[in-house]
Amino acid sequence: VSHCAQVARKWNGWGYNDSKFIFNKKGQAEFTGKRYRLGGMVLPTFKEWIEKTFGASLEHKTTSRASLNVNDVPPSIVNEEFLQDLRATKISYSQDAEDRVFRAHGHCLHEIFVLREGMFKRIPDIVVWPVCHEDVVKIVELACKHNLCIIPFGGGTSVSSALECPEEEKRMIISLDTSQMNRILWIDEKNLTACVEAGIVGQDLEKQLAESGFCTGHEPDSMEFSSLGGWVATRASGMKKNIYGNIEDLVIHIKMVTPRGIVEKNCQVPRMSTGPDIHHFIMGSEGTLGVVTEVTIKIRPVPEYQKYGSVVFPNFERGVACLREVAKQRCAPASIRLVDNAQFQFGHALKPQVASIFTSFLDGLKKFYITKFKGFDPNILCVATLLFEGDREKVLQHEKQVYDIATKFGGLAAGEDNGQRGYMLTFVIAYLRDLGLDYYVIGESFETSVPWDRVLDLCRNVKERIVRECKEKGVQFAPLSTCRVTQTYDAGACVYFYFAFNYRGISDPIHVYEQIERAAREEILANGGSLSHHHGVGKLRKRWMKESISDVGLGMLRSVKEYVDPNNIFGNKNLL
Amino acid sequence: MYSKELTSKKRDEFEDILEERRLSSDLRYAMKCYTPVIYKGLSPCKPNAIKSAVLQSEQVQYVIKQLAKEMGESPDIIQEEATEILDEMGHRMQLGAVRFFAFTLSKIFKQLFQRVCVNEEGMQRLQHAIQEHPVVLLPSHRSYVDFLMLSYLLYTYDLALPVIAAGIDFLGMKIVGELLRRAGAFFMRRSFGGNRLYWAVFAEYVKTMLRSGYAPIEFFLEGTRSRTAKTLTPKFGLLSIVMEPFFKREVFDTYLVPISISYERILEESLYAYELLGVPKPKESTSGLLKARRILSDNFGTIHIYVGQPVSLRTLASGRINRCPYNLVPRHLPQKPSEDIQEFVSDVAYKMELLQIENMVLSPWVLVAAVLLQNLPAMEFELLIEKTLWLKGLTQTFGGFIEWPDNLCAKKAVLSGLTLHSNIASLVDGHVVLNDKGMEDGAVGELVFRHALAVLMCATYRNQLLNVFVRPALVAVALQMAPSFRKEEVYSCFSFLRDVFSDEFIFFPGISLKDFEEGCFLLTKCDAIQTSQQEIYPTDKGSGTVSFLSAMFRPFVEGYQLIFRYLSKEMKEAFTEKQFIPAVRNFVFQLLEKGSTQCYEALSSDMQKNALSALVQLGAVKKKKMPNGLIYNVNQEAVSKILDMFDDSADAIPEHNEFLFPEYEILIEPEEPESPADNNEDEQGAEDTSKDAKEQEKLGAAGVADETFQSLDEETLEAMAKHETEEEKIFQMFKKQVAAEPEQIIRYCRGEGGPLWVSGENRPEEKDIPNCVCGAKRKFEFQIMPQLLNHLQVDSLGESIDWGTLVVYTCANSCGGANEYLEEFIWKQDYSMGCTI
């Protein structure tokens, strides 16, 4: 069996094996590999930033164990009859420890921590690789027949503990890996739709569609690894949703295999009035009802022209006001994000060594202009990054409109480079956590959605709450607690938080971390924010579900689960 | 709620801030470089910017639009109105005015007060708090000096000057009003419940200043100056306004800082006493203040200002406030707070007041006043000292914060108190007396008034102890009220008292049992009571403490009884507060004139209002909002019932008591003389009697059952035949007489006739009845009938006490004074035999 994805990826951290942050012999930070623009570059100011921000020191290093210790891995529970039946289907499978551990987790901090230093109490007992819809039907039938538990696995990028196996599950757990169901079945150019197998990974989908001159435009930050089926199962959101929409806007048709049978619609239409949309039972079901096998998704011609941009605002308040105005006028570019000052500085620290003196000089000049001439305080200002897409003329027109609005809110255009670097960072930032873990710094991101009028209050209060909780829990150094407004809507925005701290001197950092994250979520809810904008609930945020959707709402979901999967074959215990 | 370690509680040290003022130039002080510590999130702005922010706010604009729609007016006109309100209300803080005050107040304070003592650690804590989060200052309110002093203090310590919610009446003082405005006062109308625009503008004004961290916001939880020096129950309006930004998460947190300002001598003491007695207070006017300059020559002792620990609202609210209501409605819409929130606001208000009380400084004079009031009209000086010293120990046990210099002997402390308060009491011939003899030759009414004035002024000082003492003291009162020492009964009395006095003293809502336990704990700590599993009883050693404590609160118990009595009997059913106060004052006044009560404090309008509002809370008086104000409706029966609780709380719990019988009312009816017609029924009656006799027999001898009666042997029959004679006749008479009123328990007939005997045996002869101590003969007055035993349910034969009748003989000359007890003679006649005195 070819599991190339798994082979190229780290077993105990984010992303590709060849890509990571290191400190080189000179003690300078460097990003390895050639996959990213940052690859092979030296980041001269980064070390200082880490030391200053976290009080971390390169002297104090903690390292992960080098490889998986097979002896630690819980033994596989085997149902022999099932295994016989499975062999008969010719579907490939594995009971290998590494395969099983790789599918026992997502990318929450505590999961990575366990990989580095401990072992999960319960992991899948077998991994199966169906290659098509029919294979999935067979596997689900067999699981029903033998009363086993199935946990669907797509890209493995969950950050909601959704992939963790329930400890108390006594049945054999089958990890159903969809990665081999990765074909585009057809492209319909007349209706601009494509039918795609659900296991396809984001970047492959875009690459393959591009060959025909199309794209979906769905670009979540995890698109290098996350799968179409996973997007559907978690109600994913993409960076460029302003043009292309979120997953619920993109999906035309879904085919899902459940213990009850196959659920799908009879036609592929833009909209229908046939009672509550069954797609909405499937989207966000987080693997509790069945396996999404095929999805018909909207496609668009690849845009002619792309342009990055950035705007500096004197402070976060002005920046938010500008984004609100842009949303009001419904002229948001493909992406518009506003990072706060701490994140701006963070981004600044990741600036690679400049090759030519000329750019450096220009940089200095601009800095002088902004801080001295315009009177922006470098410790208060914040930056919006922009991405425009479309035909060239319209993009330029659009760009002008947005910059005009920004000017009204005291914004200053700060160049394409800054914008581009901002977006590049979202892909490499996930690698940073692994570096931090080597130096006693742990961190995580989380997100929410919130009405416009509460954005500022929520951002301020959540950040403050994190700082306070850290102090109370005995964290020695003030944490990094930073946010960005990452999506705009008519009625509100999506806010993304990064939070990290140096845990030296704390005996149980993960527990402390979880308490603080929980407090931060409480704070979000108290400020009128949602439980999640796009990460989902999983098992990590289950406790707030009742509060979020009311008793009756929860009951409605439960009754669907009860009908579709009365024996809890899809027993990952997410959501409900 | 309360700390059990009251006495060991560490309190900060005080510094005298006037000391430095006396040493260096006031002018230089006023002109010093003032760069106050401010809130970290503050974007500096001018008072006018705040005003326009308020006018433009969604909150105010929303109400303006609503009103415009409802009244059919143009929004511009209403906007205009809002601007006027804001101009009337808003402060115009200016450094110049602040410096002016800094200069003049230095002069004035140095003149008036010996020392102004501040806990510096508190100021440091405040300094941190101000930088961190918006701060709300919650000082106690005893005097106009309060807010001047506090601003002066913050200026001295280089802290941001507060904006202060002041009553609009200050604006009556032309120049001073404007000056205060420039020093940061903003003015609120006393009542604006109905005016939505005013409410919206006011609330938004306060919230805008709070949210932006513009300045600490200062207001008085008590709403007004306490005329009695007793903490007033809190008002919730402003508090809920300043809490709202946190509830809506417009701020991360808000600090509430309780501040206790204690005066050794209150500037307005005599004014207050007049006011309480119904002589209206002078309207605040500039000339009034100038006249007040007269007092500048007087000495008002020391002021203690204790800045308490800032309390984080977020911490208080954690786990208590359900956030949903604020998440589902836009935050600028006016929204009535949910019940949860209202309850929370009230809890916080009480908590803050209790914190104020905890750190109020008590001077020795406070103890002197408390002792003196229990020993009127005069008290021997030495005894007063001794008692004061004793009370000092008790107060400290109860957690009171006494400022009594270590080296100061009791005599000096008492003397210096007397010197400072020479207007209230003085030392005459080794005795301390109240100064109420201003007009010896005045009319009686005038005397009562003078005396009341002196008592109320003195009480102002004793009152400072009450909230520290109230829990143990009410346990003490309950011990005396309760029919037994059983815990439940004492607690039920305590709980009743706590309810009745809920407006008089400060109790944290809903923790009656905890308060009780706290009271018991403190009494146990000073060895005044002992508790067992079921009982609470005073110790021999502690009876003095218990009676002192209950005497301390007696004016309130008696005063409330008087007021309740008036309401249950005299007051017409519907009235306004304006009618109530003078009417009840008049009632009490007359009683005092007649000498039938000594409770001068019942004249206090404060007590009268509190008693009325207690009845409203207990449901015995209904309060109704009418177009012309509040109307009260009394349910007289309910008030009587409450009154009964004071008088005989025994009634409620009869069967548990082992020592006392329950109380009953005795109805008195004259007995109809026998009518001739009755004779016809004699035969019938005789027949019945045998049956009755049988029953009587049954009662008379233990364990005699019907069967025994049926199998009578000869001997018994003979005995019965004998009874048939004299014995039976008398019993027959008794039966017949009683049959008319079978329930009678007492027969009263002084002088004439004699008792109704149960039997012929064992009747006293004349020699058996001794003469009275005065030498006169005793004659029959009344007799107690055996039926009483049934009523009291002491009728288990052989075990209970028993009698046929008890006959009481009293002095024929009715000797002795009206009010003293005398020994009389009682004759006990049983059915068979026996006689006892």
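pLDDT is the predictor's confidence in each residue, from 0 to 100. Chain B of this predicted model averages a pLDDT of 82, and 84% of its residues score at least 70. For the complex, the predictor gives an ipTM of 0.89 and a pTM of 0.81. Chain A and chain B bury about 1,300 Å² between them, and 6 salt bridges are counted between the two chains.

Residues are numbered from 1 along each chain as its sequence is written, while chains are lettered from A and ligands numbered from 1 in the order in which they are written. In this predicted model, local features need pLDDT of at least 70 and side-chain atom pairs count only at pLDDT 80 or more, whereas totals for chains, interfaces and linings use all residues; side-chain values use heavy atoms, with hydrogens and water left out.

**Domain layout**

- Chain A is assigned domain 1 (184-301), domain 2 (305-417) and domain 3 (430-534); domain bounds come from an automatic or database domain assignment.
- In chain B, the assignment gives domain 1 (46-102 + 121-259 + 308-359), domain 2 (479-648) and domain 3 (727-829).
- The C-alpha centres of domain 2 of chain B and domain 3 of chain B are 40 Å apart.

**Interface between chain A and chain B**

- Chain A contributes 15 residues and chain B 13 residues to the contact, where contact means heavy atoms within 4.5 Å.
- Of the area buried between chain A and chain B, about 1,300 Å², 34% is on carbon and sulfur atoms; buried area is the accessible area (1.4 Å probe) that two parts lose on being put together, summed over both.
- On the chain A side, Arg454(A), Arg468(A) and Ala526(A) lose the most area to chain B, together 40% of what that side buries.
- A salt bridge (a side-chain nitrogen of Lys or Arg within 4 Å of a carboxyl oxygen of Asp or Glu) joins Arg331(B) to Asp453(A), at 3.7 Å from N to O.
- Between chain A and chain B, 12 residue pairs are in polar contact, both residues being at pLDDT 80 or more; a polar contact is a pair of N or O atoms within 3.5 Å, where within protein one must be able to donate a hydrogen and the other to accept it, and residues adjacent in sequence count only if both atoms are side-chain atoms.
- The elements giving two or more residues to the chain A side are α17 (455-472) and α18 (509-526) of chain A; helices (H or I, at least four residues) and strands (E, at least two) are DSSP runs, numbered from the N terminus.
- With 6 residues, α17(A) gives the most to the side of chain A that touches chain B.
- That side of chain A comprises 2 nonpolar, 3 polar and 10 charged residues; Ala, Val, Leu, Ile, Met, Phe, Trp, Tyr, Cys and Pro count as nonpolar, Asp, Glu, Lys and Arg as charged, and the others, Gly among them, as polar.

**Domain 1 and domain 3 of chain A**

- The C-alpha centres of these two domains of chain A lie 30 Å apart.
- In this pairing, 11 residues of domain 1 of chain A are in contact with 7 residues of domain 3 of chain A.
- The two domains bury about 580 Å² between them, with 30% of it on carbon and sulfur atoms.
- Asp221(A), Ser237(A) and Lys241(A) are the domain 1 residues that lose the most area to domain 3 of chain A, together 53% of what that side buries.
- The rule finds 1 salt bridge across this interface.
- Asp221(A) also forms a salt bridge with Arg484(A), with the closest N and O atoms 3.5 Å apart.

- Residues 676-712 of chain B have a pLDDT below 50, with 18 contacts in the model beyond near neighbours in sequence.
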